[in-house]
Amino acid sequence: MNGLSDIRTVKNILSRHGFTFSKSLGQNFLIDPSVCPKMAELSGAAEGAGVIEIGPGIGVLTNELCALARKVVAIELDRRLIPVLSETLSEHNNLKIVPGDVLKIDLKKLIEDEFGGTDVAVCANLPYYITSPVIMKLLEDRLPVSSITVMVQKEAAQRICADVGTRSSGAITVSVNYFAKPKLLFNVSAGSFMPAPKVDSAVIRLDVLKEPPVKVNDEKMLFTVVKAAFSQRRKTLANSLSSALSINKSEVNQILLKSDIPLNARAEQLKLQNFADLANIIKNQNNINTN
Ligand code: SAM
């Protein structure tokens with residue numbers, strides 16, 4: 001159905017279905033007609049491609065993805081939207097709506113069942129309350145996903161796309177860069193949504209790497225160390241690691257020396273290789289629970 005970003009059409013559909021927005025499900029629907037076509041095109045949705053969408057809402061982005069891709073599978077948690085989607089997307093025969101929680105669904109099995117295990121692209125205007133867990137699940141589960149194009153809060157986009165080793169970087173920057181090459185595509189103002197959120201958004205694309213750029217003995221340890229390193233941004237790396245990993249300060253200093261990292265360094269100054277060295281040395285020396 002066309003016109004799904006037209007505010008009057010949206011209001012009409014929603015009121016006919018007696019739908020009210022759920023803040024806790026991050027429901028801010030796109031009403032700017034320029035955003036979805038651009039986002040779908042930049043996501044790599046193209047003839048022959050399989051696409052997974054998370055949170056189709058009333059289907060404004062889904063509509064564009066279906067027009068470009070071979071097949072689209074859209075996962076929606078809010079069951080009240082299923083009848084709405086059946087109406088708005090009825091003309092597409094290359095679409096499957098899967099009711100459920102993206103964080104609980106076995107995505108590997110879904111990709112196997114729906115796309116025969118071939119590479120798919122992910123494209124979504126993500127519910128902001130689960131931005132990081134969704135991105136990390138998509139990456140950590142090592143799914144056959146070639147790229148992830150998502151709308152997230154502008155601050156989150158800037159953090160994810162910052163260069164590792166700079167002041168704007170954080171734990172999510174390092175973790176994402178272990179799996180993918182992130183790129184900020186374009187900004188989207190708060191007024192492009194109904195209801196309008198308090199903050200602006202941005203679309204980012206993560207191109208998933210075939211191999212991580214650094215070698216670690218234990219990936220879980222890498223993420224434990226990264227999280228610990230950034231746990232107290234105002235402290236030095238040594239202090240953050242010591243308190244978050246319960247290792248005494250002199251031992252942490254030894255680990256830093258072995259890793260060729262200055263004792264007064266801060267987490268935001270470290271490169272991915274520094275984090276890998278730290279994780280490998282800590283893994284060999286300590287009994288830290290990474291669960
Ligand atoms: N794609 C639509 C658009 O751009 O207008 C809606 C985007 S809205 C920001 C987020 C959507 O994700 C909502 O439809 C919401 O119900 C859905 N959602 C929230 N949590 C979810 C979850 N855990 N799994 C799947 N969908 C979820």
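This is a predicted model: local features need pLDDT of at least 70, side-chain atom pairs count only at pLDDT 80 or more; totals for chains, interfaces and linings use all residues.
Start with the ligand, which you'll find in the largest cavity. Two elements each give two or more residues to the shell around the ligand: β1, spanning 29-30, and β3, spanning 71-76.

In total, 24 residues surround the ligand, and the closest of them are Leu30, Gly55, Glu76, Asn125 and Tyr129. Sort the shell by class and you get 13 nonpolar residues, seven polar ones and four charged ones.

Gln27 has a polar side-chain atom 2.9 Å from an oxygen atom of the ligand. With Gly57, it's a polar backbone atom that lies 3.3 Å from a ligand oxygen atom. Val102 also takes part through its backbone: a polar atom there is 3.1 Å from a nitrogen atom of the ligand.

How much of the ligand's accessible area does the protein cover? On its own the ligand has 600 Å² of accessible area, and the protein covers 99% of that.

## The largest pocket

Next up is the largest pocket, which holds about 400 Å³ of space. It is lined by 13 residues, and those closest to its centre are Met136, Glu140, Ser175, Phe223 and Lys227.

Which one gives the most? That's α9, with five residues. As for classes, the lining of the largest pocket has five nonpolar residues, four polar and four charged.

Terms used
Residues are numbered from 1 along each chain as its sequence is written. Side-chain values use heavy atoms; hydrogens and water are left out. A residue is near a molecule or strand if one of its heavy atoms lies within 4 Å of it. A polar contact is a pair of N or O atoms within 3.5 Å; within protein, one must be able to donate a hydrogen and the other to accept it, and residues adjacent in sequence count only if both atoms are side-chain atoms. Accessible areas come from the Shrake-Rupley method with a 1.4 Å probe; for residues, only the protein chains shown count as cover. On a 1 Å grid over the protein atoms alone, a cavity is a set of points where a 1.4 Å probe fits but cannot get out, and a pocket is an open set with protein on both sides within 12 Å along at least five of seven lines; lining residues have an atom within 4 Å of a point. A molecule sits in a cavity or pocket if more than half of its atoms lie within 2 Å of its grid points. Helices (H or I, at least four residues) and strands (E, at least two) are DSSP runs, numbered from the N terminus. Ala, Val, Leu, Ile, Met, Phe, Trp, Tyr, Cys and Pro count as nonpolar, Asp, Glu, Lys and Arg as charged, and the others, Gly among them, as polar. Grid points are joined across faces, edges and corners, and a volume is the space filled by probe spheres set on the points.
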